[in-house]
Amino acid sequence: MKTVFDLPAVTLPVNGRDARFPVGRVFCVGRNYAEHAREMGADPGREAPFFFSKPASAVWVPDGKVPYPSRTTELHHEAELVVALHRGGRSMTAEAARDCVYGYGVGIDFTRRDLQADAKRQGRPWDTAKGFDASGPVSALVAVDDCGWLEKGAITLTLNGEPRQRGDLSDMIWKVDEIIAELSTYYTLQAGDIIFTGTPAGVGAVNEGDVVLATIDGVGRLEFTMV
Ligand code: MN
């Protein structure tokens, strides 16, 4: 019989490799695309992006299905570039931060928008809005050695085949190396950390039975049904 000591770590497959990437911590960037910041009622010219986090257990390797969570009637999709680190450090320069990147994935930062709105109103933490079970589906990773450093590329999300989100990685307010450098001034970053880098405009509700497809040029695709 399995015991708690046999529980597997959360790992992500890597395209073309046998090894799986072990997920440590999960950091997220808020309002890293100007159009999305505006749709959330913020002024990207005055407020810098910011960080929050999810537990590693929120990462979901979809087998074609993602469970619809409890305690919400307004689950929102946020398609995001996910960056996986194989090296860490603290107070790094953007140049040093580049050496930390192992690879990229396509992720969804699922959000209980109704709970988040309540939390914002009451000045309370976002954890129940952001860090719930299966709130972070991530595709197989692609190693940066295979795909190269990403500066641009379309990021899209369709719902039941209808276009919902569309942006370009070049529209990120903080670029990937700047995100890592900034984050490393708050935390000593470690191998295994992954970062959701923010979502472009067009977030909206997902319901049971919906088919979600997120794509990022040069990285891959993530497709599943909400069940
Ligand atoms: Mn997000």
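User: Which residues of α6 are buried?
Analyst: In helix α6 the buried ones are V176, D177, I179, I180, A181 and L183. Keep in mind that we're looking at a predicted model.

User: And how enclosed is α6 overall?
Analyst: Largely enclosed by the rest of the structure, because six of the eight residues in this helix, which spans 176-183, are buried.

User: OK, switching to the metal. What holds the manganese ion?
Analyst: Three residues coordinate the manganese ion: E78 and E80 through OE atoms, and D109 through OD, at 2.0 to 2.2 Å. Along the sequence, the donors follow the spacing E-x1-E-x28-D.

User: Where do E78 and D109 sit in the chain?
Analyst: E78 is in the loop between β7 (75-77) and β8 (79-85), while D109 is in the loop between β9 (101-108) and β10 (111-112). They're 31 residues apart, so this pair links distant parts of the chain.

User: Are those two buried or exposed?
Analyst: E78 and D109 are both buried.

User: You mentioned β7 and β10. What sheet are they in?
Analyst: An open sheet of three strands, ordered β10-β7-β16, with antiparallel pairing. β10 and β16 (204-205) are the edge strands, each pairing on one side only. Between β7 and β10 there are two bridges, and L75 has R112 in β10 as its bridge partner.

User: What actually joins strands in a sheet?
Analyst: Strands pair through backbone hydrogen bonds, and they can do so in a parallel or an antiparallel way.

User: What about the five-strand sheet, what's its order?
Analyst: That one runs β6-β18-β17-β13-β14, and it's an open sheet with mixed pairing. β6 (65-66) and β14 (162-168) have a single partner strand each, so they stand at the edges with one side left without a neighbour in the sheet.

User: How do β6 and β18 run, parallel or antiparallel?
Analyst: Parallel, with two bridges joining them. If you want a spot to look at, K65 stands opposite T225 in β18.

User: And how does β17 pair with β18?
Analyst: In the antiparallel sense, over six bridges, with β17 covering residues 211-216 and β18 covering 220-226. Here L213 faces E223 in β18. The two make a hairpin with three residues between the strands, and G218 in that hairpin takes a positive phi near 85°.

User: Is R166 buried or exposed?
Analyst: Exposed, with a relative accessible area of 62%. The cut-off for calling a residue exposed is over 50%, which is why R166 gets that label.

User: What does R166 touch?
Analyst: Setting aside neighbours within four places in sequence, R166 contacts A154, I155, T156, P200 and A201.

User: How far is R166 from V66?
Analyst: They're 22 Å apart in space, C-alpha to C-alpha, and 100 residues apart in sequence.

User: Last one: which residues form the nonpolar patch on the surface?
Analyst: V4, F5 and L7, with about 410 Å² of accessible area together. V4 is in the segment before β1 (11-13), and V4 is exposed at 58% relative accessible area.

Methods:
Residues numbered from 1 in each chain as written. Predicted model: local features only at pLDDT ≥ 70, side-chain atom pairs only at ≥ 80, totals over all residues. Heavy atoms only, no water. Patch = residues over 30% accessible without salt bridge, like charges linked within 9 Å, V, L, I, M, F, W, Y side chains within 5 Å. Areas by Shrake-Rupley, 256 points an atom, 1.4 Å probe, with all protein chains shown as cover. Salt bridge = Lys/Arg side-chain N within 4 Å of Asp/Glu carboxyl O. Helix = DSSP H or I, 4+ residues; strand = E, 2+ residues; numbered from the N terminus. Buried < 20%, exposed > 50% of the residue type's maximum accessible area, 1.4 Å probe, protein only. Pairing = 2+ DSSP bridges. Donors = N, O, S within 2.8 Å, 3.2 Å for Na, K, Ca; no water. Contact = heavy atoms within 4.5 Å.
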